[in-house]
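Dear colleague,

Please read them with the coordinates open beside you.

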Amino acid sequence: MKISFKVNGKAYTEEARPDMTLVMFLRDVLGLTGTKHGCDGGECGACTVLLDGVPMNGCLVLAPAIRGREITTIEGLAQDGELDPLQQAFIDHSALQCGYCGSGMLLAAKAFLEETPNPTREQVKKALSGNLCRCTGYLGIIDAVMTAAK
Ligand code: FES
């Protein structure tokens with residue numbers, strides 16, 4: 001089925017197979033490989049993207065469901081050649097190790113800070129509890145989000 005939607009502000013009209021998940025659609029059809037494919041079961045958060053500004057696991061959304069919607073992926077976080085303050089804070093705190101969780105972490109944190117601009121560490125931990133880091137680098141990630149919130 002052909003659907004129209006936006007990704008990172010760009011309008012697309014594409015054929016979307018009804019059995020294809022959003023994460024695979026982004027990666028295999030649109031070539032946006034910054035969104036990672038992990039558990040495929042809504043457990044790890046590696047596939048997190050923003051759907052109309054709300055964090056979603058791309059492995060739990062079927063591609064045709066984005067008809068008329070706006071998606072933000074990690075490729076859309078930097079604007080006009082400038083890193084998002086969250087991205088800079090992740091660099092400054094060496095918050096990523098293997099980096100596989102990074103795009104999902106950053107997008108979940110981005111949506112969280114929009115809603116909660118002055119969070120406590122506990123709120124950050126809770127907000128990112130759906131995003132797993134298999135390197136267990138959580139301290140740097142939380143520090144980075146707290147820095148970006150300042
Ligand atoms: Fe979607 Fe793990 S790949 S939550």
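In this predicted model, the axes of helix H2 (residues 85–92) and helix H5 (residues 138–149) come within 8 Å and cross at roughly 135 degrees. An angle over 145 degrees would count as roughly antiparallel, and one of 65 to 115 as roughly perpendicular, so H2 and H5 are described as oblique to each other. The crossing of these two helices is right-handed. On the H2 side the contact is made by Pro-85, Leu-86, Ala-89, Phe-90 and Asp-92, while H5 contributes Ala-144, Thr-147 and Ala-148. Sorted by class, the residues in this contact are six nonpolar, one polar and one charged.

The other part of the model that I looked at is strand E3 (residues 48–51), together with its two partners. E3 pairs with strand E4 (residues 54–57) in the antiparallel sense over four bridges, and within this pairing Thr-48 stands opposite Asn-57 of E4. The two strands form a hairpin with two residues between them, and Asp-52, which lies in the turn, has a positive phi of about 50 degrees. E3 also runs antiparallel to strand E5 (residues 70–72), to which it is joined by two bridges; here Leu-51 has Ile-71 of E5 as its bridge partner.

Conventions
Residues numbered from 1 in each chain as written. Predicted model: local features only at pLDDT ≥ 70, side-chain atom pairs only at ≥ 80, totals over all residues. Axes fitted to C-alpha atoms, helices over the stretch in contact; angles between N-to-C directions. Parallel < 35°, antiparallel > 145°, perpendicular 65-115°, else oblique. Left-handed = near helix turned anticlockwise from the far one by under 90°. Contact = placed C-beta atoms within 7 Å. Nonpolar A, V, L, I, M, F, W, Y, C, P; charged D, E, K, R; others polar. Pairing = 2+ DSSP bridges.
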